[in-house]
Amino acid sequence: NVQYVTNLQAHGGTPPYTWSATGLPPGLGISAGGSLTGAPTVPGTFAPTFKVTDGALQTAQATFSIAVVTPLTITTSSLPAGVINLPYVANVQAQGGTQPYTWSSIGAPSWLSVNSGNGSLYGSPPAVGTFFPTYIVKDSSNPPQTTVMSFSITINPAVTITSACPASPITMGTTLSDSLTATGGYGNYVWSIVGGSLPAGVSLAGASISGTANGPPGTSVSGIQVFSGGQTMVQNCSLTV
């Protein structure tokens, strides 16, 4: 579906020359003057035979190979966010054209590198911010196809728990309803209890600690943990019934 143009030439005989062809890829045609044009519609390798007739009705013919490939496109639509000072790894992918591909970039931050062979990105972001690199992929066709796409990469602060520990000590029969909050990281926050367990009757669901404490007396929890964007933070909390 990409316009193709080339001109066939002959020498000898008695000009003018008249050209014809058989076995052309669908979508291509040849003019009497030898101009091969069109937009191929079917991928594959074709072997058309070209015939030229001169003014004295002498003829000559030759068979060539024409490879029709699908257009080269970048299939990755967006890049993940990252966290300051944590390793950043992502992949940009392409399809079509003729492999292998060669990757490069312009406008990428200095901390971000691109693997020229497979399009993977890697680095360690030293600062929070949003970056707008453009990635370029070139295939192995002759002449090569090239396509570009611009992305945005957001680097977020480190994950931090912003909620206070549930009030302690807890009297048996007390109903708890505490919401856990955090900032930084990226994606969903995954909460868990570390260093013990919640009092009987109290549970952690998502970012909520709730229920009625019914014992047994003692210290049950020593920490609350959040995970986000490949990073964890633990808040030391002591819940005593």
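# Close-up views of a predicted model

View 1. Gly215 sits in the loop between β25 (208–212) and β26 (219–228). Strands (E, at least two residues) and helices (H or I, at least four residues) are DSSP runs, numbered from the N terminus. This is a predicted model, in which local features need pLDDT of at least 70 and side-chain atom pairs count only at pLDDT 80 or more, while totals for chains, interfaces and linings use all residues. Residues are numbered from 1 along each chain as its sequence is written, and side-chain values use heavy atoms, with hydrogens and water left out. Gly215 has a relative accessibility of 2%, so Gly215 counts as buried. Buried means under 20% relative accessible area, exposed means over 50%, and partly exposed lies in between (1.4 Å probe, protein chains only). Leaving out residues up to four places away in sequence, Gly215 touches Met172, Pro199, Ala200 and Val241; contact means heavy atoms within 4.5 Å. Gln3 is 212 residues from Gly215 along the chain, and the C-alpha atoms of these two residues are separated by 77 Å.

**View 2. The largest nonpolar core.** A nonpolar core is a set of buried Ala, Val, Leu, Ile, Met, Phe, Trp, Tyr and Cys residues joined through side-chain atoms within 4.5 Å. The largest one has 17 residues, and Leu79, Tyr88, Val92, Trp103, Leu112, Leu121 and Val137 have the most contacts inside it. At least two residues of this core come from each of β11 (88–91), β17 (134–138) and β19 (153–156). Beyond its neighbours within four places in sequence, Leu79 is in contact with Tyr88, Ala90, Asn91, Val92, Leu121, Tyr135, Phe151, Ser152 and Ile153. Another core, of 16 residues, lies apart from the largest one and includes Leu180, Ala182, Ile209 and Ile224.

**View 3. Aromatic rings around Trp111.** The whole structure holds four aromatic pairs. Rings of Phe, Tyr and Trp (its six-membered ring) pair if their centres lie within 6.5 Å; planes under 30 degrees apart count as stacked, over 60 as edge-to-face and the rest as tilted. One of the pairs is formed by Tyr88 and Trp111, with 6.0 Å centre to centre and 80° between the planes, and is edge-to-face. Tyr88 is in strand β11 and Trp111 in the loop between β13 (102–106) and β14 (112–114), 23 residues apart. Tyr88 is buried, with a relative accessible area of 3%, and Trp111 also counts as buried, at 12% relative accessibility. The ring centres of Trp111 and Phe131 are 5.7 Å apart and the planes stand at 80°, so this pair is edge-to-face. Because Trp111 lies in the loop between β13 and β14 and Phe131 in strand β16 (residues 129–131), the pair ties together parts that are 20 residues apart in sequence. Tyr88, Trp111 and Phe131 form one aromatic cluster.

**View 4. The largest pocket.** On a 1 Å grid over the protein atoms alone, a pocket is an open set of points where a 1.4 Å probe fits, with protein on both sides within 12 Å along at least five of seven lines; lining residues have an atom within 4 Å of a point. The largest pocket contains about 560 Å³ of space; a volume is the space filled by probe spheres set on the points, which are joined across faces, edges and corners. Its lining has 21 residues, of which Tyr4, Ala67, Val68, Val69 and Gln145 lie nearest the centre. Strand β8 (residues 66–68) gives the largest share of this lining, three residues. By class, the lining has 13 nonpolar, eight polar and no charged residues. Ala, Val, Leu, Ile, Met, Phe, Trp, Tyr, Cys and Pro count as nonpolar, Asp, Glu, Lys and Arg as charged, and the others, Gly among them, as polar.

**View 5. The second largest pocket and Ala10.** About 210 Å³ of space lies in the second largest pocket. Of its 17 lining residues, Ala10, His11, Val52, Thr59 and Ala60 lie nearest the centre. Both β6 (49–53) and β7 (59–63) supply at least two lining residues, and β7 gives the most, with four. The lining divides into eight nonpolar, eight polar and one charged residues. Ala10 belongs to the loop between β1 (4–7) and β2 (18–22) and is partly exposed, with a relative accessible area of 31%. Not counting residues up to four places away in sequence, Ala10 touches Tyr17, Trp19 and Val52.
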